[in-house]
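Here is a short report on pockets and helix packing. The model comes first, then the reading.

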Amino acid sequence: MRIQVTPADIAASRYAISPLGETVSALRLCAGQHSAPGLAPWVARVRPVYERLRRDLPAVGALLALLRRGGYNADFIQPPPAGTGRSFIDEITVVRATPLAQAREELARNLVGLRTPPAYAERIYRSPDVVDRLADAVEAVWTALVEPDWPRLRTILERDVVQRAGRLVTYGWGAAVAGLDPRLSWEPGGHLGAIVVADREPATYSLGGKGLLFVPTVFGTMINYVEPPWPFALVYRAAGVVDLLGPPAPDRPPDALDRLLGRTRAAVLRALAVPATTSQLVRQFGLTLGGVGGHLAVLRDAGLVTRTRTGRAVRYTRTPLGDALARVRDG
């Protein structure tokens, strides 16, 4: 697939963050519908919660029965994000406002070509409150799986947006596309260049001055949107996710930083590439509050991390010295 762009499309392009999109992607990740490098520890940590959701809320299973790659997914379940400042409540309110007739039409299209869904799921799809039941399922997944980690996830996504938007404006399309995904490449062509997506679709699309919507994701995979109601859009993996949502793999060989600081303290230092509270680190590493507090005290006394208070929350982040030390690797 080729997406033709012009210099004018740079001004019209924008970046957006979608907590609702992250929720749907997190559900798919837990269900094994796709994989994401570096997130196996997070999946292991939340699996008991995910399994409880599947057991207690049939609508979660009905939602999963709809989701697929390489085919149509009902648009009302995951409408396009409007910008970087939208909350989950903002987005789920849009979902709940979907007219029943629209939902039924999109569900019918979604089900074409899929395996026959379970009987309980079909009953949900036919129910007069199907929109609210599926929205309730998404909201339950948000509350249980994503919201506890959202401050850190949002920081990762916002940081990525700032870096990527700066590249697009300063250096153009080639720099903006570079490193987004191995399946994406830039084809320069003077006034009319193209973003090339390595897939089986031979079609060519033109942005026509409408620009491109970039949506970074932590839990999702690369997706391109070329059909309404979405604008032309690319969902891509945000940078800096590894080591931020779970403890290091137990079979990973220790590196120089592990040997210098100790495995757990080194992991805490790496995780603080993105600011975190003590409670968030407790969830991430499965340690006691006192254990995490002790590691943070040592790192702070050594000048490797600092803390700032925002309202009632105290967040820790690395200092420049901590950044330099966290990049230490063998060889």
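Helices here are DSSP runs of H or I with at least four residues, numbered from the N terminus. The model is predicted.

**Pockets**

Start with the empty space. Rolling a probe the size of a water molecule over the atoms shows where such space is left. The largest pocket has a volume of about 1100 Å³. Its lining counts 44 residues. Nearest the centre of the largest pocket lie Gly71, Asn73, Ile223, Asn224 and Tyr225.

Which elements each supply at least two residues of this lining? They are helix 2 (19-30), helix 6 (100-111), strand 6 (213-217) and strand 7 (223-225). Helix 2 gives the largest share, five residues. By class, the lining of the largest pocket holds 21 nonpolar, 13 polar and ten charged residues.

The second largest pocket has a volume of about 240 Å³. It is lined by 13 residues, and Leu64, Ala65, Arg115, Pro117 and Pro118 are the closest to its centre. Helix 4 (residues 58-66) supplies the largest share of that lining, three residues. The lining of the second largest pocket divides into eight nonpolar, three polar and two charged residues.

**Helix pairs**

Two packed helices are described by the angle between their axes and the distance between the axes. Two pairs are listed below.

| Helix pair | Axes come within | Crossing angle |
|---|---|---|
| Helix 4 and helix 7 | 9 Å | roughly 90° |
| Helix 2 and helix 3 | 10 Å | roughly 90° |

Take helix 4 and helix 7 (residues 119-126), whose axes cross at roughly 90°. Helix 4 makes the contact through Pro58, Ala59, Gly61, Ala62, Ala65 and Leu66. Helix 7 contributes Tyr120, Ala121, Ile124 and Tyr125. This contact has nine nonpolar residues, one polar residue and no charged ones. Ala65 of helix 4 takes part in the contact, and Ala65 is also among the residues closest to the centre of the second largest pocket.

Now helix 2 and helix 3, with axes that cross at roughly 90°. Helix 2 is therefore roughly perpendicular to helix 3. On the helix 2 side, Ala26, Leu27, Leu29 and Cys30 make the meeting. They face Trp42, Val43, Val46, Arg47 and Tyr50 in helix 3. By class, this contact has eight nonpolar, no polar and one charged residues.

**Helix 13**

Why is helix 13 (residues 278-285) described as largely enclosed by the rest of the structure? Buried means under 20% relative accessible area. Six of the eight residues of helix 13 are buried, so the rest of the structure largely encloses this helix. The buried residues are Thr278, Gln280, Leu281, Val282, Gln284 and Phe285.

What do these buried residues pack against? The partners are helix 3 (40-56), helix 9 (150-171), helix 12 (263-271), strand 9 (276-277), helix 14 (289-301) and strand 11 (313-318). Just after helix 13 comes Gly286, which takes a positive phi of about 70°.

**Gly293**

Gly293 lies in helix 14. Is Gly293 buried or partly exposed? Gly293 is partly exposed, with a relative accessible area of 31%. Gly293 and Leu281 are twelve residues apart along the chain, and their C-alpha atoms are separated by 9.4 Å. Leu281 itself is one of the buried residues of helix 13.

Methods:
Residues numbered from 1 in each chain as written. Predicted model: local features only at pLDDT ≥ 70, side-chain atom pairs only at ≥ 80, totals over all residues. Heavy atoms only, no water. 1 Å grid on protein atoms, 1.4 Å probe; cavity = no way out; pocket = protein on both sides within 12 Å on 5 of 7 lines; lining within 4 Å. Points joined across faces, edges and corners; volume = space filled by probe spheres on them. Nonpolar A, V, L, I, M, F, W, Y, C, P; charged D, E, K, R; others polar. Axes fitted to C-alpha atoms, helices over the stretch in contact; angles between N-to-C directions. Contact = heavy atoms within 4.5 Å. Buried < 20%, exposed > 50% of the residue type's maximum accessible area, 1.4 Å probe, protein only. Parallel < 35°, antiparallel > 145°, perpendicular 65-115°, else oblique.
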